[in-house]
Amino acid sequence: MKKFLMLALSATLLLTGCFGAGEKKDSGTKDSSKTETTATSGGHKEELIIGTSADINNLDLQKQQDAVNNIVLKLTHETLVFFTNEGTFEPRLCTSWEFEDDTHIVFKLHDGMKFSDGSPLTAEDIKFTYDMGLKNELSVLKGLKQVDVVDPLTIKLTIDSYSNEFVQSLSSVPVSIQSKKAYESGMKEPYLIGSGPYKLEKWEPDEYVTFVKNENYWGDKPGVSERITFKPIKEASTRAIALQNGEIDVCIDPSMDNLPDLEKDENVTVFTKPGTRLFYLGFNVTKAPWDNLKLRQAVAHAIDRKGIIDVVLQGKGLPQTTVLNRGLWSFYDDMPGFPYDVEKAKAALKESGYTPGEKLPLLISNETDYSQVAQFIQANLKEIGLDIEIQTVEPATLKTECVNLTQGLYLWRWNEDSKVDFVFRDLFYTGSKSNYSHFSDPKADELTDLVLTEKDSQKRLEDSKQLQEYLVEQVPQVPLYIKDLLIAYNKNLKGTYLYGGGNHDWRFAYVEQ
């Protein structure tokens, strides 16, 4: 019997709220990654204001999957297990878990947990949340067959077969535990009731969303800031100016053009670290002309990834060959893939039988960098005779068009920092809601299932590498680059958990005064 007893939760662990040792930053030193404590030695600002590139669009946990929503929902809701900055998993709402056998996992829960309305959080709420997730067909719960309440502090999950990553999937924000009582009460927005250190105060779409401390928080590590506000400022340079003027405390994704001024500002820290978010050029492989494999391969050869990094990102990124995010287990970037080669691109185009002439739409988001990257790709493809027309839309519109099969060529990104199945299955598996390429291939599906269930570590590694090679060869997308994490903030910001993919955790952040 394989057992995962995740610590006895000593006093030391309780002081960290079971969240693990995040990579906290020494705010007094630019480009630092030193660890700092989150305890306040003096006063702090009552409100922490974070300038973002996009506004939240949905707070119903199981009916959204956007990073911008997940970041704010971390304030208000908690999961059974927690993913740390070090790439490990720790208990959160549970104290431990144990595999009874390949298909039965038992979780022990903390006693005395509460929701923000003061009602108790028990095993019944875990069952209610996961049963609702199964009804909503959440991909993160794939393989879950049954949820049984053993007693108020014990829950047993039955999965259909052994999975290397099922427990890890329970750290995903959409499966944060919700209140059964709130839903049964008939209240209008029961999903707002959570067990996190904050609760929603007010949301003014396109202006701000503010969270205040949860007076019923059950944990030993509440937040420090009385209020945390997210303020959407879509123009990157405007966000940077707002930071320097003191209107916001954190500037997410500052413009490259603003970096020199930010780095000179003695009141600002500019922090960078290797990123994990993969930017890619995707194809709707069910729609002509992108249903033509050779044409897709021609495009893959025609794109100068290094040029994009040097010109658009000013060197702050790494080119990408494979479809997996950097840092994930089995990341395999040594394959040749489709290196930049105009002559090979032209040869593949000729072999495809496609005759250039019509304008080919490229759908992009109106967020930072996409326009410049799109223009670079447009110029690259012009060299082989393809005429690209850039169409800019809101992020939600882009995703809707991808889901509805109305897009052809599109520019997008994907971040996953802990589970390879969330890349293989979500992006490429037949029928996945996040499979915007609408790629469907029996071999890829079979290999995806093997990577998830194979117990032999060496065989699993070989399967993952084979799958990566196959997906790159089939080109449902062209992996482009991983952009460095770049964030600027008030030099007195403390208590940060900054992740390379941008899915930061602001629960314990504050500005010291």
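**A working chat on a predicted model**

Reader: How many residues of strand 2 are buried?
Author: In strand 2 (residues 47-52), 5 of its 6 residues are buried. Buried means under 20% relative accessible area, exposed over 50%, and partly exposed in between, with a 1.4 Å probe and protein chains only. Strands (E, at least two residues) and helices (H or I, at least four) are DSSP runs numbered from the N terminus.

Reader: What should I know about the source?
Author: This is a predicted model, in which local features need pLDDT of at least 70 and side-chain atom pairs count only at pLDDT 80 or more, while totals for chains, interfaces and linings use all residues. Residues are numbered from 1 along each chain as its sequence is written, and side-chain values use heavy atoms, with hydrogens and water left out.

Reader: Which strands does strand 2 pair with, parallel or antiparallel?
Author: Strand 2 runs parallel to strand 11 (residues 227-232), joined by 6 bridges, and parallel to strand 12 (residues 250-252), joined by 2 bridges. Two strands pair if DSSP finds at least two bridges between them. Leu48 has Ile228 of strand 11 as its bridge partner, and Ile50 has Val250 of strand 12.

Reader: What is the strand order in the sheet?
Author: The open sheet has 7 strands in the order 9-10-11-2-12-20-13, with mixed pairing. Strand 9 (198-204) and strand 13 (268-273) are at the edges, each with a single partner strand, so one side of each has no neighbour in the sheet.

Reader: And how is strand 13 joined to strand 20?
Author: Strand 13 and strand 20 (residues 485-490) run antiparallel and are joined by 6 bridges. Val270 stands opposite Ala488 of strand 20.

Reader: Which strands does helix 6 touch?
Author: Helix 6 (residues 236-244) packs on the sheet and touches strand 2, strand 12, strand 13 and strand 20. Contact means heavy atoms within 4.5 Å.

Reader: Changing topic, at what angle do helix 14 and helix 15 pack?
Author: Helix 14 (residues 442-453) and helix 15 (residues 457-474) pack at about 150 degrees, with axes 9 Å apart. Axes are lines fitted to C-alpha atoms, for helices over the stretch in contact, and angles run from 0 to 180 degrees between N-to-C directions. The two helices are therefore roughly antiparallel; angles under 35 degrees count as roughly parallel, over 145 as roughly antiparallel, 65 to 115 as roughly perpendicular and the rest as oblique.

Reader: Which residues make that contact?
Author: Among them are Leu447 and Val451 of helix 14 and Leu467 and Tyr470 of helix 15.
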